[in-house]
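Work through the exercises below with the sequence and the model side by side, and try each task before reading its solution.

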Amino acid sequence: MVAAAPSGALPPTTAIVPQGVRLPSPGSSRLRRPSVLGTTTTNTEDNANTEDVKEEAEETLVPSLHDALGVATSTRVFLLPAGLRPVKDVTWAADAVEDRVKGLASSSKKTVSSCSSPAFVLAVLGPSLDAPYASLVAQKARASYGAEGARAFTQMPPVARRVALEYMRAAAGVLNTSLSEGQSGALLEAAALGTPVLARDVPGNRALLDMLEEASLGADPGGPERERDPNAFRDDFFDDDSSPLLAAYAHPCGFLFASPETLAEAMSLLAEDSEVGSAVRRAAGRAADRARRGAEELARREREGWRGVAAGLFA
């Protein structure tokens, strides 16, 4: 939301750095910037044309989410954008996810070695912010169930912001498993992109989804506000004759889970090619649409707030 500030309202050095975005190395020059491919370029007149060529090449060479993970496009990918540190607790659902993937593989009589395309994967995307914890996450990913390169729980290196957003758009859902949260930027971005939100039921995440719902009810400026329906998402499930158990963890703008087992169940239902899975996906799509409207309305209010601040300063 920093981007909504009027031009000149913030110091020129102010920047917002979302989770999952690669940063320059500490010793890099101010004029140097990281590329998607891991190389660095320098902005000078002498190599301006070379810079343009490199950027065009990067646009072409950046792999899709599924290609980056080495899984079939039919595999549902759930993305967990997070800086790797203990409070993010990214391994919270790892064991439950593995159990679910194993169960799906067993029901289809696939072996571990033949499971090159698991039913779904949980992919953590983000930089290391705590070396010991990042090491534990990497160890967990290496030991995860599945064939090499197609683990049920896997880890991706940080990428450029535009790539992170494309990965979120392509994901079956965006997760947040933090022990505590203030206001998750990743969930807000997922909501704005129309990607289903699956979050751990902690006060910060619940408050954010409540805020998105409230904003979505008044998302038509000048129009009548919609009446709040606390059972909106649950009604979506029951209308589709879907999973009553999963509906108990539904929120009008996404999912909130108190246990990793229920989170893994939701991921499994979203991944399975079945009537239940399709019903859940339809319900999740409607929730994502509510969340998107809410995120757009929050952004509009933020812009209006900044305009008010600016008007007050220069009145």
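The exercises concern a predicted model, and they move from a core to a strand and then to ring pairs.

**Exercise 1.** Determine which residues have the most contacts inside the largest nonpolar core, and which elements contribute to this core.

*Solution.* The largest nonpolar core comprises 35 residues, and those with the most contacts inside it are F78, V97, L198 and M267. Elements giving two or more residues to this core include β3 (76–81), α3 (94–107) and β4 (120–125). Taking V97 as a case, and leaving aside residues up to four places away in sequence, one finds that V97 touches F120, L122, A152, A264 and M267.

**Exercise 2.** Classify the ring pair of F78 and F120, and then that of F255 and F257.

*Solution.* The structure holds three aromatic pairs. For F78 and F120, the ring centres are 5.8 Å apart and the planes stand at 90°, so this pair is edge-to-face. Because F78 lies in strand β3 and F120 in strand β4, the pair ties together parts that are 42 residues apart in sequence. For F255 and F257, the centres are 5.5 Å apart with planes at 15°, so this pair is stacked.

Terms used
Residues are numbered from 1 along each chain as its sequence is written. This is a predicted model: local features need pLDDT of at least 70, side-chain atom pairs count only at pLDDT 80 or more; totals for chains, interfaces and linings use all residues. Side-chain values use heavy atoms; hydrogens and water are left out. A nonpolar core is a set of buried Ala, Val, Leu, Ile, Met, Phe, Trp, Tyr and Cys residues joined through side-chain atoms within 4.5 Å. Buried means under 20% relative accessible area, exposed over 50%, partly exposed in between (1.4 Å probe, protein chains only). Helices (H or I, at least four residues) and strands (E, at least two) are DSSP runs, numbered from the N terminus. Contact means heavy atoms within 4.5 Å. Rings of Phe, Tyr and Trp (its six-membered ring) pair if their centres lie within 6.5 Å; planes under 30 degrees apart count as stacked, over 60 as edge-to-face and the rest as tilted.
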